[in-house]
Protein chains: 2
Amino acid sequence: MLKPNLHYRELHDSYLFARIAERTAAYLEAHPGQRLLRMGIGDVSQPLCPAVIRALHAAVEDQADRERFQGYQPECGAPFFRETVAAHYARRGVAVRPEEVFVSSGASDELGHILDLFDPASPALIPEPAYPAYVDANVMTGRPIRHLPTGPEAGFLPEPEAAGDAGLVYLCSPNNPTGAVLDRSLLRRWVDWANRSGAVLLFDAAYEAFVRDPALPRSIFEIEGARHCAIEICSLSKTAGFTGTRLGYTLIPLELERSGMNLNAMWVRNRTTRSNGVSYILQRGGAAVFSEEAQAQVHKTLDIYKKNAKIIADTLHRLGLFYTGGRNAPYVWMRCPEPYGSWEFFDLLLRNIQVVGTPGEGFGASGAGYFRFSAFGSPEDTEEAMARLERLLN
Amino acid sequence: MLKPNLHYRELHDSYLFARIAERTAAYLEAHPGQRLLRMGIGDVSQPLCPAVIRALHAAVEDQADRERFQGYQPECGAPFFRETVAAHYARRGVAVRPEEVFVSSGASDELGHILDLFDPASPALIPEPAYPAYVDANVMTGRPIRHLPTGPEAGFLPEPEAAGDAGLVYLCSPNNPTGAVLDRSLLRRWVDWANRSGAVLLFDAAYEAFVRDPALPRSIFEIEGARHCAIEICSLSKTAGFTGTRLGYTLIPLELERSGMNLNAMWVRNRTTRSNGVSYILQRGGAAVFSEEAQAQVHKTLDIYKKNAKIIADTLHRLGLFYTGGRNAPYVWMRCPEPYGSWEFFDLLLRNIQVVGTPGEGFGASGAGYFRFSAFGSPEDTEEAMARLERLLN
């Protein structure tokens, strides 16, 4: 008799973004023809850059050619991809070896897969507000979860002094949803704490490309000691518009060990057993992101999003509303005006100005009363949405 | 203090195909310039068909265009992909609804992911010889495993009478590595047994496209009652040459429930939480496989592999060696000639005729003394390898 995974019963009925999609669909069904301005889920609006498109076409052509055809790729990543990423880190002054780079189908998939490396009884610490999949992926495995609330008084930044005896700690910087960025000194305190306590830091760097302030770290491996306590999970979704194309990578240092087991070697074993590699076509497209030509193109697109973020932040500023983020991050995190709660504010915007945002409550209890705007929309939609918001709240 | 997943200690040092790759690399290093005839890992040799290439290029172009650009895809699959697969099954006389079709990054990945639906204490039954990832993926989760040996006396086919009280049963047909195919009556006995015992059958249909005999089932859902006890895991790797391009799909019937929990709904929850969907480009390429034009092209390629299989089988027949498979399957499974064991025969072929096959022992204890040839090489390599084998053993 098969027993299903009963932990699924402990999950909420539906996942945050699925719930938003359902509410939005219901509204559209009741109001056919309405066009929504979507600033909710962090999906990008700008196409892939020409250098990446060219690489994707060339890879498709390889798959049509008998001599150049590519079958199974090495499970941990094609050598050209791993070397390209390592060289990219080297240019930024971070020493990473190709065999420490693992290709992935994207950060959100990887954040679940990587949990397989850890005993499900080792507790996870999740600073909140947080990307809700951090919690749900752990609930599904039955792992004990400790929520570490953060608030406006500390700029929504988590402090290691409050970490207790966690085994696995999620750090997302620039943060989704608050846009807060851990500076070098705070990140060093986390690294030191982890090396003392034996914890492992899961550093979610999905938004690192939005950091322009050179004083702020973009990789946890800029911090001394991190090679003994951290895994970095990266994505091309926001960096290069790969949300629908899918590709990411994960860095696991060769030095990272716990209980005498090497986590890099364990991940090699995991990948060679549980995966047959990631698409050659996508790896070619992904590797192209790191060329000089593509980097220039990608940065132009990032500038569009950064300008959107500024438009959002300036609007909230004029409205006299409290907010964080939007500077070295693509998200702006605002406190809902009185008397609205997160979901009430969501409904207010959907019904009155046809703007879709994300209720802060969906990112954990400490997000209640807050709301997230994404800067990944088109400039026109962002300007229009903020003009409507200003009219609505004024 | 983080505790790693200690189950990894119970794994062998390296995964079968990684081990073969290492031995082969060592041989090549010692004998530079040698060209190997690779008939080991089941990787295809023929390029993608023109209709798929065209669809991939068109999808890449969509990603270059601001209006047609595709961001995050629905996590369970793009509607166009799910509908195309359901229509393909309908044409074969099998009723499958689009919401029962889940896109995947490939069958080997999915075979690991899907285990998340089941309590790790529910035992798995693995008929052997078997694809080694079945075992290793379960060892990693600490699930109790029962090995069900099969042998030449029953055509390497597993019988439900020997199943005991397993929770989860792997059935691979056409079988990797033996090429054995479960006929309708045997498959019906497994379905009836599972419905009586409450087990769930994981039907690995990766090689279904090689079944040409209309009397043999290609999908478990051709069998009455299977909708209450089976999940079917499918791949485009062998069907359409997607080993390096990556795409597959999984069928979970809406009726499938255990302990009052609906497995289709659980998988929706899993995908919406643990994945951000599969690449739009790959789903477009995958959907194109099912067009009339592509099916004709794909069948021409399959004919090449089927002809290879016949060349291998005919050679073994002439040599008077016992073998199975190769008729409705791309693998030929032979008994090693005296006095060779599986790995000794592997070394014999590598060193003397530069042919790489797969030692049967790698598929479980009951594979000891056997050897697998794959028919996925080029016709030239296959003919040359078999000519060399004939010279060596005569």
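## Strand S7 of chain A and its partners

Strand S6 (residues 200-204) of chain A runs parallel to S7(A), joined by four bridges. Strands are DSSP runs of E, at least two residues, and helices runs of H or I, at least four, numbered from the N terminus. Pairing requires at least two DSSP bridges between two strands. A:Asp204 has A:Ile233 as its bridge partner in S7(A).

This is a predicted model, in which local features need pLDDT of at least 70, side-chain atom pairs count only at pLDDT 80 or more, and totals for chains, interfaces and linings use all residues. Residues are numbered from 1 along each chain as its sequence is written, and chains are lettered from A and ligands numbered from 1 in the order in which they are written.

S7(A) also pairs with strand S8 (residues 248-251) of chain A, in the antiparallel sense, over four bridges. Here A:Ser235 is bridged to A:Gly248 of S8(A).

## Burial of S7

Six of the six residues of S7(A) (residues 230-235) are buried, so the strand is largely enclosed by the rest of the structure. Buried means 20 or more other C-beta atoms within 10 Å of the residue's own, with C-beta atoms placed from the backbone. One side of S7(A) carries A:Ala230, A:Glu232 and A:Cys234, the other A:Ile231, A:Ile233 and A:Ser235. Both faces are covered.

## Helices H2 and H9 of chain B

The axes of H2(B) (residues 50-64) and H9(B) (residues 280-288) come within 8 Å and cross at roughly 150°. The two helices are therefore roughly antiparallel (angles over 145 degrees).

Methods: Axes fitted to C-alpha atoms, helices over the stretch in contact; angles between N-to-C directions. Parallel < 35°, antiparallel > 145°, perpendicular 65-115°, else oblique. Buried ≥ 20, exposed ≤ 12 C-beta atoms within 10 Å, placed from the backbone.
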